[in-house]
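Trainee: I'd like to learn how to read a model like this one, feature by feature. Can you walk me through it?

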Amino acid sequence: MLIKHAIIYQMKSSIFCVCLFFFISLTSAQTLVVLGTTQDAGKPQIGCHKSCCKHLKSRFFVASLGVSDKKNKKNYLFDATPDITAQYQLLSKTTGVKSIDGIFLTHAHSGHYTGLMYIGKEGMNGSKIPVYAMPRFISYLTNNGPWSQLVALGNINLKPLQSQTSIALDSGLIVIPIVVPHRDEFSETVGYKIIGAKKSALYIPDIDKWKIWEKDIIVEVKAVDYAFIDGTFFEDGEINRPIKDVPHPFISETVSIFKNEPLSVKQKIYFIHLNHTNPAHNKASPQRIATEKQGFRFASLGAQFMLN
Ligand SMILES: [Zn+2]
Ligand SMILES: [Zn+2]
Ligand SMILES: [Zn+2]
């Protein structure tokens, strides 16, 4: 009799464990995956014969994040880079979700939106894939080929954003675009705050300088759990043209802005969007080691972050 009870008890508790396991895996379903880490032109960069690129056999993908909701089987991409094909493959392989349910674009610089071309007739021939962008960017996509064809054929469904106005997605995720100062030739530039059930992330791959932003980057980083922010150049003098023509906060500047913040704040920062020349690409470089020693981190391809 006792044995029978013990067996029933064990069965009940293992059923409870299995249920708990499924509950946990369903509720920990919001996963952010780093899909790329470099500046718009990737690494190696075309035309570069210097040591940063010449021996590379494989490509570092352009900066992008993917967010998967395994429970509701939804995938969202942040930026549509020229590497979108392999990046979507990485996201779906990592999380098992096979769909594109929304693409959030930051701005109309080549590395951040030209991947849309693969959504068109010559590629996956998407059907009304929601593409979120700011109003000027929407007008640019609607009125200039080849993007206008994606709109005309219904491959994409353009969804206008408003700065600091949240978008609530089916999956319970909330996305908030935030305008940042940048070279806005064809569009506005935004960063995104991505808010999951319990945790949130900031994604700002491009900004001219933190000090000309109306917001305080320290406050913004403190408000999230993970901050994927502009790490284009390590320091001044890194490229052969005037760096003032392509302004970005140097990693050395960002490090100094955060120097008096506690380790827990510094550890939220993951530098992303590194130029091919940035010495911090190399994990063994003194610049990378010194930066990591202070608590800062670097985004790495395929890294996963739970949002709940
Ligand atoms: Zn960029
Ligand atoms: Zn190079
Ligand atoms: Zn840009």
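Predicted model: local features only at pLDDT ≥ 70, side-chain atom pairs only at ≥ 80, totals over all residues.

Trainee: Which strands pair with β12, and in what sense?

Mentor: Take one neighbour at a time. Strand β11 (residues 226-230) pairs with β12 in the parallel sense over 4 bridges, and F228 stands opposite Y270 in β12. Strand β13 (residues 297-298) also pairs with β12 in the parallel sense, over 2 bridges. There, F271 stands opposite F298 in β13. To get from β12 to β13 the chain passes through helix α9 (residues 286-293), and this β-α-β crossover is right-handed.

Trainee: Where do the side chains of β12 point, and are they buried or exposed?

Mentor: For a strand, check which way each side chain points, then look at accessibility. In β12 (residues 269-272), I269 and F271 point one way while Y270 and I272 point the other way, and all are buried.

Trainee: Now the metal. Which residues are the protein donors of the zinc ion (ligand 3)?

Mentor: For a metal site, note the donor atoms, their distances and their spacing in the chain. The zinc ion (ligand 3) has H107 (NE2), H109 (ND1) and H182 (NE2) as its protein donors, lying 2.1 to 2.2 Å from it. Along the chain, the donors follow the spacing H-x1-H-x72-H. There's a metal neighbour too: the zinc ion (ligand 1) and the zinc ion (ligand 3) are 3.6 Å apart.

Trainee: Which parts of the chain do H109 and H182 tie together?

Mentor: H109 is in the loop between β4 (102-104) and α3 (110-113), and H182 is in the loop between β8 (174-179) and β9 (190-195), so the pair ties together parts that are 73 residues apart in sequence.

Trainee: Are H109 and H182 buried or exposed?

Mentor: Compare each relative accessible area with the cut-off: under 20% means buried. H109 counts as buried at 11% relative accessibility, and H182 is buried with a relative accessible area of 7%.

Trainee: On to the backbone. Which peptide bonds are cis?

Mentor: Look at omega for that. The bond from K43 to P44 is cis, with omega near 0°, and P44 sits in the loop between β1 (30-36) and β2 (64-69). The bond from G145 to P146 is cis as well, with omega near 0°. P146 is in the loop between α4 (135-143) and α5 (147-152).

Trainee: What is phi of N125, and what is phi of Q164?

Mentor: Phi of N125 is near 50°, a positive value in a residue other than glycine. N125 is in the loop between α3 and β5 (129-133) and is partly exposed, with a relative accessible area of 45%. Phi of Q164 is near 65°, again positive in a residue other than glycine. Q164 lies in the loop between β6 (156-160) and β7 (167-168), and at 44% relative accessibility Q164 counts as partly exposed.

Definitions and conventions. Residues numbered from 1 in each chain as written. Chains lettered and ligands numbered in written order. Heavy atoms only, no water. Donors = N, O, S within 2.8 Å, 3.2 Å for Na, K, Ca; no water. Buried < 20%, exposed > 50% of the residue type's maximum accessible area, 1.4 Å probe, protein only. Pairing = 2+ DSSP bridges. Right-handed = clockwise from strand over helix to strand, strands pointing away.
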